[in-house]
Amino acid sequence: MKILVTGAKGFIGKNLIAELKNRNLTEIFEYDLDTDPSKLDSYCRDAGFVFHLAGVNRPKNQDEFLKGNFGFTSELLNTLKKHNNKCPVMVSSSIQATLDNPYGKSKKAAEDLIFDYSRETGAKAFVYRFPNVFGKWCRPNYNSAVATFCHNIAHGLPIQVNNPNTVLNLIYIDDVVDELINALNGKPNIKDDGYCYVPVVYTKSLGEIVDLIYSFKSSRDELSVPDMADDFAKKLYATYLSYLPEDKFSYPLKMNIDQRGSFTEIIRTLDRGQFSVNIIKPGFTKGNHWHHTKNEKFVVVSGKGVIRFRKIGTDRIIEYFVSGAKIEVVDIPTGYTHSIENIGDTDLVTFMWASEPFNPDKPDTYFENVK
């Protein structure tokens, strides 16, 4: 199928086209402000589906609302009619179409036009009234509060929140794209009033959003990550990361170094434990301690070593030989004193998980040699 996307370089357009190509739908006519206008004729002649995402949000003159949102829609539909092309047309509208302002009126006029076109020609029309859409590639300091907050906080710039209690209905760009592809496949979500919709909507206050984004910024210092079981937090965090300055993708970690090697904590969480990297120099041993409740998992990723265990109160020593040549997990059960020794001639690098972050006030760590 040949697919026409107007507004191809816009926020939704870029994300949609990227995913269409991911799904091997590569015959895409990309139309935007800098496209040769004469191409619209051949695009409308050959298209098997139209995603009409072009629109005007912040014109210099309010008259441009009607010209950009109604006028171009009219031109698009007339060109389709010229070629007797009755392919389905998806139209991007806004929840503001119900409001009595120039932008809302222009969106409502475009909606009425597409519904009339559908009744006249029999072509399927899918009209979506989008609320606030957030996600990667959205232009900051333009018409998206989330994009502005993410960009400014990531860059250390101030933000302005007039009323933190203001509530927004938000939809995530990947959910939008999934729904648009549903429409392409003839399976859109449609309400009783005839409007299509994205089924996953989040209702959040500006204060909640801002607090979350600031927590993302501080998470680097705290070695924390958001609660990925929270669907909104997961998607907002992905959005925030897309606005990081390109020279700030990396950040330093504290390496605790001694003659034996180093220990570096990577991530600590309240409910999923602590993740670290342990490096041991050849001939050295670390550990020789045990825990009541804290448990661990060791994964050697480079070098050769031996992990030794001895159950408290017994004499028998258990050995597990490990190396980066065979990646495997070794559980460290409670009640066993344990150690890990580098028996190779290169650094022994071990990825470690502990069931809880280290707490100096309650370490649950008791030193006792394995042998």
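1. E1, H1 and E2 make a right-handed β-α-β unit; a crossover is called right-handed if, with the strands pointing away from the viewer, the path from the first strand over the helix to the second runs clockwise. The labels are DSSP runs numbered from the N terminus, with helices (H or I) of at least four residues and strands (E) of at least two. The model is predicted: local features need pLDDT of at least 70 and side-chain atom pairs count only at pLDDT 80 or more, while totals for chains, interfaces and linings use all residues. Residues are numbered from 1 along each chain as its sequence is written, and side-chain values use heavy atoms, with hydrogens and water left out.

2. Within that unit, strand E1 (residues 3–6) and strand E2 (residues 28–31) run parallel and are joined by four bridges. Two strands count as paired if DSSP finds at least two bridges between them. Thr 6 stands opposite Tyr 31 in E2.

3. Helix H1 (residues 11–22) packs on helix H6 (residues 173–184) at an angle of about 65 degrees, the axes being 10 Å apart. Axes are lines fitted to C-alpha atoms, for helices over the stretch in contact, and angles run from 0 to 180 degrees between N-to-C directions. The crossing of H1 past H6 is right-handed, that is, the near helix is turned clockwise from the far one by less than a right angle.

4. Which residues of H1 meet H6? They are Phe 11, Ile 12, Asn 15, Leu 16, Glu 19 and Leu 20, and their counterparts in H6 are Ile 173, Val 176, Val 177, Leu 180, Ile 181 and Leu 184. Contact means heavy atoms within 4.5 Å.

5. Is Asp 175 buried or exposed? Asp 175 is buried, because its relative accessible area is 14% (buried is under 20%, exposed over 50%, partly exposed in between; 1.4 Å probe, protein chains only). Leaving out residues up to four places away in sequence, Asp 175 touches Val 198, Val 200, Tyr 202 and Lys 235.

6. Asn 162 lies in the loop between helix H5 (145–154) and strand E7 (167–172), and is exposed at 70% relative accessible area.

7. An open sheet of five strands has the order E15-E14-E17-E12-E19, with antiparallel pairing. Its edge strands are E15 (317–323) and E19 (366–367). E12 (residues 285–290) and E17 (residues 336–342) pair over four bridges, and His 289 has His 338 in E17 as its bridge partner.
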